[in-house]
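Colleague: Could you take me through this one? I would like to go helix by helix and ask as we go.

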Amino acid sequence: MIVTDDHITYIETNLTFYGITDRDFKEDLLDHICTHLEKSNLNDFETAYQEAIHNLGGYAAMQLIQREKNEKALILSFIRRKRNVHLTCAINSVILLIGFLFFIFKWPFSGVLILIGFSQLILITIPFIIYEQYKLKAQKMLLLNK
């Protein structure tokens, strides 16, 4: 069967209607459906299209795959932010520790290191931790309200 531009538009519209909003996922589904239609021996587009949708598991399965993909992206963003918070806290702790060691041994630049450490703590680390907690709460709400 030959797939025309009208068929492609129809398929895209149906995918949007049934809740497939992720652009990349929609393009992948469109490609799979068109490939199935082109390999189909049926001459009727509607029958071949319904068969392709059935072979992919139906619209509900597609929506479930999209939801799982979104949840995975949400969890990965949480992990990335958590790693960044830990890295920022570690760098801040090292700078403060070195500053205090310099202060204890009366080495030069101890005041500068302590000032940098506390400045980073106040201006970067604490706001970053507060932002991370806010995003974590929002993401938990999204995951719980599936």
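Colleague: Which residues of α3 are buried?

Modeller: Before I answer, note that this is a predicted model, in which local features need pLDDT of at least 70, side-chain atom pairs count only at pLDDT 80 or more, and totals for chains, interfaces and linings use all residues. Residues are numbered from 1 along each chain as its sequence is written, and side-chain values use heavy atoms, with hydrogens and water left out. The buried residues of α3 are F45, A48, Y49, A52 and I53, where buried means under 20% relative accessible area, exposed over 50% and partly exposed in between, with a 1.4 Å probe and protein chains only. Helices are DSSP runs of H or I with at least four residues, numbered from the N terminus.

Colleague: How do they sit around the axis of α3?

Modeller: Seen down that axis, the buried residues fall within an arc of 140°, so they line one face of the helix; the arc is that of the directions from the helix axis to the C-beta atoms.

Colleague: And what covers the buried residues of α3?

Modeller: The cover includes α1, α2 and α4.

Colleague: What does M62 touch?

Modeller: Leaving out residues up to four places away in sequence, M62 touches L15, I20, F25, L29, I53 and L56, contact meaning heavy atoms within 4.5 Å.

Colleague: How do α2 and α4 cross?

Modeller: The axes of α2 (residues 23-39) and α4 come within 11 Å and cross at roughly 145°, the axes being lines fitted to C-alpha atoms over the stretch in contact, with angles running from 0 to 180 degrees between N-to-C directions. On the α2 side the contact is made by D24, F25 and L29, and on the α4 side by M62, I65, Q66 and K69.

Colleague: Is K69 buried, exposed or partly exposed?

Modeller: K69, in helix α4 (residues 58-104), counts as partly exposed because its relative accessibility is 36%. Apart from residues up to four places away in sequence, K69 touches D22, D24 and F25.

Notes. Helix = DSSP H or I, 4+ residues; strand = E, 2+ residues; numbered from the N terminus.
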